[in-house]
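Below is a brief report on one protein chain.

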Amino acid sequence: MTALKSETVDRLKTFLEAIDSLEGERAEIGDEIRAQYAEAKAQGFDPKAIRSMVKRRRAKNPDQIAEDEQILETYMHAVGMLPENPLAAAIAALASDELGRDQVIDGLKQMVPAGREIIAKVGGDPVRIWRDAEGVAFVEPWTEPKAPKVKTGRKASATVLSIVPKSDPVKDAADRAERRSRGEPDPDDEGDDE
């Protein structure tokens with residue numbers, strides 16, 4: 001074992017004394033903090049809620065808090081702890097008045113990819129939001145297409161052809177989520193229990 005120089009030993013003792021002093025102060029401050037929480041609880045406040053608020057106030061980046069909450073809500077919805085999708089709830093809350101509906105539509109105009117469309121049914125008549133190949137976004141009233149009437153016993157005078165685009169997994173997932181939010185059965189899930 002090597003011996004330390006007296007100068008080094010003195011510096012080490014100085015550090016130890018300073019740390020001991022700070023640890024004592026920390027203990028005193030901890031006691032004062034616990035006393036404040038106990039006082040708040042005695043006056044009917046919820047200490048857990050107060051701790052959460054203190055943590056938020058100490059956060060340096062409010063955007064990080066919002067992002068953390070959004071992730072938490074998404075996870076809670078995924079495991080069934082929230083009855084409604086957080087995005088759907090936020091859009092529904094925003095679209096409760098005409099100005100909010102316009103803000104939702106403007107936001108969706110920015111999100112729709114080129115050559116694609118979004119059908120929005122928020123706070124009024126449904127609208128089709130679409131973007132052309134050049135990237136210009138458009139909004140127009142939308143009505144759900146009616147199923148064609150099928151006549152039996154007569155020969156049709158013309159053949160009708162429809163061009164159906166390839167399946168889009170994102171759109172399919174959004175359609176399934178919308179059906180679930182309305183409580184409708186998902187036809188893709190039928191027969192999967194076997």
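## Overall architecture

Read from the N terminus, the elements run α-α-α-α-α-β-β-β-α. That gives 6 helices and 3 strands. Helices (H or I, at least four residues) and strands (E, at least two) are DSSP runs, numbered from the N terminus. The model is predicted: local features need pLDDT of at least 70, side-chain atom pairs count only at pLDDT 80 or more, and totals for chains, interfaces and linings use all residues. Residues are numbered from 1 along each chain as its sequence is written, and side-chain values use heavy atoms, with hydrogens and water left out.

The chain has 194 residues, and 10% of them are buried. Buried means under 20% relative accessible area, exposed over 50%, and partly exposed in between (1.4 Å probe, protein chains only). Contact means heavy atoms within 4.5 Å. Among contacts between residues at least 6 apart in sequence, 12% join residues at least 24 apart.

Helix 1 covers residues 6-42, a run of 37 residues. From first C-alpha to last it reaches 54 Å, close to the expected 54 Å. The expected span is 1.5 Å times one less than the number of residues. G44 follows helix 1 and has a positive phi, near 95°.

Helix 3 (residues 62-78) has 17 residues. Its end C-alpha atoms are 24 Å apart, which agrees with the 24 Å it should span at 1.5 Å a residue. Just after helix 3, G80 takes a positive phi of about 85°.

## Packing of helix 1 on helix 2

Which residues of helix 1 are buried? They are G30, Y37 and A40. The buried residues of helix 1 pack against helix 2 (47-58). At the meeting point, Y37, A40 and K41 in helix 1 face P47, I50, R51 and V54 in helix 2, with which they are in contact.

The two helices, helix 1 and helix 2, pack at about 130°, and their axes are 9 Å apart. Axes are lines fitted to C-alpha atoms, for helices over the stretch in contact, and angles run from 0 to 180 degrees between N-to-C directions. Helix 1 and helix 2 are therefore oblique to each other. Angles under 35 degrees count as roughly parallel, over 145 as roughly antiparallel, 65 to 115 as roughly perpendicular and the rest as oblique.

## The nonpolar core

The largest nonpolar core has 7 residues: V104, I105, L108, V112, A120, V127 and I129. Helix 5 (98-111) and strand 2 (127-131) are the elements that give two or more residues to this core. Helix 5 provides the largest share, 3 residues. Such a core is a set of buried Ala, Val, Leu, Ile, Met, Phe, Trp, Tyr and Cys residues joined through side-chain atoms within 4.5 Å.

V112 is in contact with E117, I118, I129, W130 and R131, leaving aside neighbours within four places in sequence.

A120 lies in strand 1 (residues 117-120). At 5% relative accessibility, A120 counts as buried. Beyond its neighbours within four places in sequence, A120 is in contact with L108, D125, P126, V127 and I129. The C-alpha atoms of A120 and W142 are separated by 8.8 Å, with the two residues 22 apart along the chain.

E140 sits in strand 3 (residues 137-141). At 28% relative accessibility, E140 counts as partly exposed. E140 touches V127, R128 and W130, not counting residues up to four places away in sequence. The C-alpha atoms of E140 and I129, 11 residues apart along the chain, are 6.7 Å from each other.
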